[in-house]
Amino acid sequence: PPRLINMSSSEGGESEKEKELEAEPSDVDLDLDGEQTCDKSKLLGLSDLANGAAADHTDDAAALLDEEEKQKAIADKAARSKTCVGIRWVLTGLVLAIFLGCLGGAITLVALSPGCGEITPWWKNTVIYQCYPRSFQDSDGDGNGDLRGVLQRLPYLKEIAGVKTVWLNPVYPSPQMDGGYDISDYTDIDPLYGTLEDMRALIKELHDKGMKLVMDFVPNHTSEQHPWFNESRSSKENPKQDWYVWADGRSGGRPPNNWISLFGGSAWTFDPSRGQYYLHQFSTFQPDLNYRSKAVLEAMRGVLTFWLDLGVDGFRVDAVSYLLEDPDLRDEPKNPEYSGPNCTVNISNPDCYNSLIHNRTKEYPGLHNITRSWRELLNCYSQPSNEKFMVAEVYGSIPTVMEYYGTNGDEFNFPFNFFLLGNNEWSGTAVSALVSDWLDNMPQGGWANWVLGNHDNPRIASKAGVELARPLNVLLLTLPGTPTSYYGEEILMTNVAVPPNQTRDHYAHRDGERTPMQWNVTANAGFTTGDPWLPLATNYTTYNVHLEQQDNASMLALYSRLTQVRAEFVSFNYTLVLAEEGTYAFLRSSYTQVKGSKCYLVVINFSDAKTVDLSVTKAILTEQEAIVYVSSTMDPARERPIELSKVSMLPHEAIIIKANCNYMP
C-alpha cells in the first residue's frame with residue numbers, strides 16, 4: 001500500500017452484520033493434484049510452471065530425492081543426538097568432580113547449558129536490513145543501484161553495521177511503473193539490476209559470510225505487460241483466460257461494482273480487446289491475479305520453488321491481504337466513519353479508498369489457506385539449522401494482523417508490525433501502549449518484530465526528527481523480537497524533496513524516502529559515477545558512512561554498538577518498568593531463574609533533561625554493579641556507575657543499564 005491507511009482500525013465502522021457477511025466458506029481449491037507434498041521432483045516441475053511450461057514429474061526422481069532427504073534427516077538427527085549426549089556426559093562429570101566443594105555452581109552450569117535438539121532459528125537472532133536496490137550502490141555508472149553494488153557493500157553491512165539479513169525490494173523484470181512492484185517476469189532479473197548470474201553470486205557471497213537473503217514476493221498482481229496477462233486478455237477461450245479477475249460491466253458503461261483502488265478511482269478498468277473489465281486493487285497497470293484458479297496457485301508455488309532452488313532464505317510477501325475477493329462481486333458497504341472528500345463527485349482521490357468497508361476485497365475467507373500452503377512449501381526446503389523464512393506485509397487492526405501468525409507456526413514467522421511505523425505520538429505512554437498491544441496479543445509461541453521505516457513511508461529522522469531518531473533506534477534494537485531497519489536509518493538519512501521534473505513515483509509520491517544511499521562526501525555521495533536516478537539529500541556531506549565511521553559518537557557508531565549488544569539479550573524476557581509522558585523504561589532479563597544473571601534496563605527519554613527514579617528495580621537489580629552500558633549520545637563519560645533512584649537523562653537520550661539480577665521478574 002502507498003501509505004498507512006487508518007491502521008489502528010482499517011476495518012473501521014464494521015458492524016456485526018457486516019462481519020457476518022465475511023463469515024462465508026472459502027471456495028478456494030487447494031488440492032493441487034498432490035502438489036502439497038514435499039516431493040522434490042514435483043517441486044522442480046513447479047519451477048517450469050512459473051514460466052508457463054509443463055511440469056515433468058518422474059516417479060524414479062521422486063523416489064531418489066525422497067530417499068536422499070530421508071538419509072540427510074537421519075544424519076542430522078544422529079549428529080545432534082551425539083552432540084547432546086556428549087554435552088550431558090561432560091556436565092555430569094563436572095558435577096560429580098566438584099560436588100562437595102561447588103555443588104551450587106555445578107548445578108548452575110547444567111541449568112545454563114543449551115537444550116538438546118533446540119536450535120534458535122536464524123530469523124530470531126538477526127537484524128533484517130531492507131535494501132532498496134535501485135538506491136543502494138551503482139556498480140556500472142548508469143545511475144541505478146544494482147546487485148553487484150549490493151555485493152560490493154556486504155562487508156559494510158556485516159562488519160560495520162552488524163547486519164546479518166538483507167531484504168531486497170523487487171529486482172524482477174518490470175516496466176518500473178511502481179518501483180518494481182509491477183512484475184513482468186517472476187523468474188528472472190531486470191537488466192537494470194543485472195543478471196541471474198549476479199543474483200547467484202550475491203547469494204553465494206551472503207552465505208559465505210554467514211548472512212541471509214530475503215526477497216520480495218509480489219503475489220497479488222502482475223504488470224499488465226506480463227505474458228500471462230497478455231494471454232488472458234487476448235480472448236475468453238485462451239487457456240489463461242481465468243488467470244486474472246474479469247467481469248462484465250453494469251448498464252450505462254459502469255464498472256461491475258463500487259470497489260475502489262488503493263491508488264484512487266475504480267478498481268476496474270475496461271479492456272477493449274477482451275470486452276470485459278479487469279480488477280486492479282492497486283494501479284491500472286497492476287491487474288490482480290485470480291487465486292480461485294488452480295493454475296495460478298500452482299504457478300505461484302512454482303515461483304517460490306524457483307527462488308528456493310536458487311538458495312533464497314525467505315520471502316517478504318507483499319500486499320497479502322488482497323489475494324482474494326468476493327466471487328459474487330457484491331458492492332462494499334459505505335464506511336459510516338468516513339469524513340473525507342465527496343467520492344460521488346471525485347472517486348479518483350486516494351482518500352476515497354477509506355470511504356468503503358473492505359469486507360469484499362481484503363482479508364476475504366480462504367486467504368489463509370493459500371498462505372498456509374506457501375508455508376508448507378517453505379517447510380519442504382527447511383532444515384533444523386536453516387529454516388526458510390516468511391514475513392507478511394499486512395496493514396490492519398491488531399486482531400486482524402495477529403491472524404497471520406497462523407496456528408502452531410503453520411503460516412508466517414511473523415506479520416510485519418507497522419504500529420511504530422504508523423505512530424505519530426512519541427511519548428512514553430503512547431509507545432509503551434503500542435508495544436504492549438503487540439506483545440499481549442501475540443499467539444502463544446509467537447515472536448515479535450518492530451519496524452520504524454520502509455520504502456512506503458517517510459524516514460524516521462524526518463518524521464520524528466534527527467534528535468529522536470537516535471533513541472528510537474535504541475528502542476528498535478532492544479525490544480524483544482526481530483528488528484527491521486530501512487537502509488540509511490543507521491546514518492540518519494532524511495527525506496528528500498524531489499522536484500516535480502525528477503519525480504519517479506507519480507502515484508503515491510514516495511520518492512523522498514527512496515533516494516540514493518550516502519556513502520561519502522564525493523560527488524553523488526559515492527553512490528554512482530553517473531547521474532543518479534533520484535537526487536541526493538543536500539545533507540549527504542554531513543550524514544554519510546565514511547564520515548560516521550570516523551566518528552565514535554555518530555549514529556553509525558551507535559547502530560553498530562546496538563547490534564552487538566542486542567546479541568547479549570536477544571531471547572530475554574521483557575518487563576515494563578515505567579511508562580509516563582516523557583519516559584519509557586523496560587527490563588530485558590534471562591528466562592533462566594539463576595541469581596547473578598545479567599539484566600538490561602532500557603530507559604528512553606522523549607523530552608528534556610530530567611532525573612528518573614527507577615528505584616522500583618532495586619529488588620531485581622544489584623545496584624552496586626549497575627552501570628550505564630550504552631548511551632545514545634555515544635559519549636564515554638555517560639557510561640558510568642549509576643544510582644537507580646537518581647538516573648540523570650539528557651534531552652532525548654536513551655540508555656541501557658547493565659547489572660546483575662537478584663531474581664527474575
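How many residues does helix 17 have, and how far does helix 17 reach from its first C-alpha to its last? The views below begin with that helix. This is a predicted model, in which local features need pLDDT of at least 70, side-chain atom pairs count only at pLDDT 80 or more, and totals for chains, interfaces and linings use all residues. Residues are numbered from 1 along each chain as its sequence is written, and side-chain values use heavy atoms, with hydrogens and water left out.

**View 1. Helix 17, residues 555-566.** Helix 17 has 12 residues and reaches 16 Å from first to last C-alpha, close to the 16 Å expected at 1.5 Å a residue. The expected span is 1.5 Å times one less than the number of residues. Helices (H or I, at least four residues) and strands (E, at least two) are DSSP runs, numbered from the N terminus. Helix 17 is mostly covered, with 10 of its 12 residues buried; buried means under 20% relative accessible area, exposed over 50% and partly exposed in between, with a 1.4 Å probe and protein chains only. Among the buried residues you will find M555, Y559, T563 and R566.

**View 2. Helix 8 meets helix 10.** The axes of helix 8 (residues 196-208) and helix 10 (residues 294-310) come within 10 Å and cross at roughly 55 degrees. Axes are lines fitted to C-alpha atoms, for helices over the stretch in contact, and angles run from 0 to 180 degrees between N-to-C directions. Helix 8 brings L196, M199, R200 and I203 to the contact (heavy atoms within 4.5 Å), and helix 10 brings F306, W307 and L310. By class, the contact has 6 nonpolar, no polar and 1 charged residues.

**View 3. The disulfide of C343 and C352.** A disulfide is a pair of cysteine sulfur atoms within 2.5 Å, and by this rule the count comes to 2. In this one, the sulfur atoms of C343 and C352 are 2.0 Å apart. The torsion about their S-S bond is about -105 degrees, so the disulfide is left-handed. Both cysteines, C343 and C352, are buried.

**View 4. The disulfide of C599 and C661.** Here the sulfur atoms are 1.2 Å apart. The link of C599 and C661 is left-handed, with -110 degrees about the S-S bond. This pair links distant parts of the chain, 62 residues apart: C599 lies in strand 14 (residues 598-605), and C661 in the segment after strand 18 (654-660). Both C599 and C661 are buried.

Definitions and conventions
Ala, Val, Leu, Ile, Met, Phe, Trp, Tyr, Cys and Pro count as nonpolar, Asp, Glu, Lys and Arg as charged, and the others, Gly among them, as polar.
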